[in-house]
Amino acid sequence: MVLWDSVFGKKVTIEGRDENGKPFKTKVSEKEFKKWEQDGLLRTFEVVEVHVLDPKGSYTTHWKIGEDIPAEVVEKYKNPATNKLYALTVYEAGKPTTSVLQHAKWLEIKVAMGE
């Protein structure tokens with residue numbers, strides 16, 4: 001019956017990150033997904049997209065709200081038009097420090113960096 005369900009049953013797509021932080025997307029049977037939910041094997045996180053200016057190369061990432069960044073910071077700094085955050089990484093003695101900025105200030109710095 002499990003084989004029958006996995007082949008012909010309704011599918012759901014799950015997205016997440018593996019133990020190395022690499023994103024993945026896969027389809028599983030709805031029945032299997034519900035079992036994982038009941039067994040407490042799944043965790044869901046609200047995430048926010050973050051655009052980071054970094055002297056080593058700018059990039060976009062996703063931070064888990066409540067784990068990677070406090071919800072209060074997200075509410076204070078997110079761009080209301082896009083619901084995205086903007087951050088700047090600076091290096092002191094080779095150690096990176098990332099700070100969240102207002103979008104307008106981030107744009108100023110981006111222009112100053114020549115990006």
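Student: In which strand does H51 lie?

Tutor: This is a predicted model in which residues are numbered from 1 along each chain as its sequence is written; local features need pLDDT of at least 70, side-chain atom pairs count only at pLDDT 80 or more, and totals for chains, interfaces and linings use all residues. Side-chain values use heavy atoms, while hydrogens and water are left out. Helices (H or I, at least four residues) and strands (E, at least two) are DSSP runs, numbered from the N terminus. The run that covers residues 47–53 holds H51, and this strand is β3.

Student: Where in the protein is confidence lowest, and where is it highest?

Tutor: The pLDDT is the predictor's confidence in each residue, on a scale from 0 to 100, and the protein averages 86, with 92% of the residues at 70 or above. Helix α1 (residues 2–8) has a mean of 54 and strand β5 has 96, so that confidence is lowest in α1 and highest in β5.

Student: Is H51 buried or exposed?

Tutor: A residue is called buried under 20% relative accessible area, exposed over 50% and partly exposed in between, with a 1.4 Å probe and protein chains only. The relative accessible area of H51 is 18%, and therefore H51 counts as buried.

Student: Which residues is H51 in contact with, leaving aside its neighbours within four places in sequence?

Tutor: Contact here means heavy atoms within 4.5 Å. Once the neighbours within four places in sequence are set aside, the partners of H51 are Y59, T60, K84, L85, Y86, A87 and W106.

Student: Why is the pair formed by the rings of Y86 and W106 described by a particular word, and what is that word?

Tutor: The structure holds one aromatic pair, where rings of Phe, Tyr and Trp (its six-membered ring) pair if their centres lie within 6.5 Å, with planes under 30 degrees apart counted as stacked, over 60 as edge-to-face and the rest as tilted. The pair links distant parts of the chain, since Y86 is in strand β5 (residues 85–92) and W106 in helix α4 (residues 103–112), 20 residues apart, and both Y86 and W106 are buried. Because the centres of the Y86 and W106 rings are 4.8 Å apart and their planes stand at 55°, the pair is tilted.

Student: Which residues does W36 contact, leaving aside its neighbours within four places in sequence?

Tutor: W36 is found in helix α2 and, at 25% relative accessibility, counts as partly exposed. Apart from neighbours within four places in sequence, its contacts are I14, V28, L41 and L42.

Student: How far apart are the C-alpha atoms of R43 and G16?

Tutor: R43 has its place in the loop between α2 and β3, and with a relative accessible area of 63% R43 is exposed. Although R43 and G16 stand 27 residues apart along the chain, the separation of their C-alpha atoms is 9.7 Å.

Student: Where does A93 lie?

Tutor: A93, a residue other than glycine, has a positive phi near 55°, and A93 is exposed, with a relative accessible area of 85%. Its place is the loop between β5 and β6 (95–101).
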